[in-house]
Amino acid sequence: MRSIEVLGVTIECLQGDIAQQPDVDAVVNAANARLRTGGGVAGAIHRAAGTELEEECRPLSPIRPGEAVITGAGRLPNRHVIHALGPIYGQDAPSQALLAECYRNSLRRAEEHGLGSIAFPSISTGAFGYPIEEAAMVAMETVVDEAARLSSVRRIRFVLFDDEALELHLQAMDRALGA
Ligand code: ADP
């Protein structure tokens, strides 16, 4: 794990599974519009959370690209799941602005609930096809930019699934700080 601090907010990057982050208040789901289980992150989260999470999601769906909604966490070891719908690359436009909205709106939901910590996967970079190097830059710039506006959230974690994703996020972290 590597971390930096921006205006009192710790930003961490580590390799791992978003469904196994017991030390954060909320995990973010790279959701689909209907808030159902699926492949990738949504599959891992819903499998670990159990069917009660899908039931809780049903009345909140569908959601739009860039939107984020918050629920309980079922059997996950967290207090909440924040479901964010990333843009499908090349289809939902403007993709960069919509991806940034996912991170901003997720942080907003966390703040509304007074949460202290949140973990993000790399939204849109799996089935939705967003090039991960560009997505990592959007993610880091957005959270660094939002740090000044946060009051309850003191820790933001990026959970990356493989070596390459971790490395690209570490580089983006340095670049977002102007290092
Ligand atoms: P999207 O539909 O938004 O593209 P995906 O779930 O398909 O979302 O993939 C998003 C990213 O999350 C990809 O980079 C993928 O490799 C990664 N990923 C897949 N499963 C997990 C997991 N269990 N924990 C963390 N990251 C994951």
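**Note on the predicted model: helix packing and nonpolar cores**

1. Helices here are DSSP runs of H or I with at least four residues, strands are E runs of at least two, and both are numbered from the N terminus.

2. This is a predicted model: local features need pLDDT of at least 70, side-chain atom pairs count only at pLDDT 80 or more, and totals for chains, interfaces and linings use all residues. Residues are numbered from 1 along each chain as its sequence is written, and side-chain values use heavy atoms, with hydrogens and water left out.

3. Helix α1 covers residues 40-49. Its buried residues are Ala-42, Gly-43, Ala-44, Ile-45, His-46 and Ala-49. Buried means under 20% relative accessible area, against over 50% for exposed and in between for partly exposed (1.4 Å probe, protein chains only). These α1 residues pack against β3 (26-30), α2 (51-57) and β5 (80-84).

4. How do α4 and α5 cross? α4 (residues 132-146) passes α5 (residues 163-176) in a right-handed crossing. The axes come within 8 Å and cross at roughly 45°. Axes are lines fitted to C-alpha atoms, for helices over the stretch in contact, with angles from 0 to 180 degrees between N-to-C directions.

5. On the α4 side, the residues that meet α5 include Ile-132, Met-137 and Val-144. Their α5 partners include Leu-168, Met-173 and Arg-175. Contact means heavy atoms within 4.5 Å. By class, this contact has 10 nonpolar, 1 polar and 3 charged residues. Ala, Val, Leu, Ile, Met, Phe, Trp, Tyr, Cys and Pro count as nonpolar, Asp, Glu, Lys and Arg as charged, and the others, Gly among them, as polar.

6. The largest nonpolar core has 41 residues. Such a core is a set of buried Ala, Val, Leu, Ile, Met, Phe, Trp, Tyr and Cys residues joined through side-chain atoms within 4.5 Å. α4 gives the most to this core, with 8 residues. Apart from it lies another core of 20 residues, among them Val-24 and Ala-44.

7. Phe-120 is among the residues with the most contacts inside the largest core. Beyond four places in sequence, its contacts include Ile-18, Tyr-103, Val-143 and Phe-158.

8. Val-153 sits in the loop between α4 and β7 (155-160). Is Val-153 buried or exposed? Val-153 is buried, with a relative accessible area of 0%. Leaving out residues up to four places away in sequence, Val-153 touches Val-9, Leu-107 and Ile-118, among others.

Key. Left-handed = near helix turned anticlockwise from the far one by under 90°.
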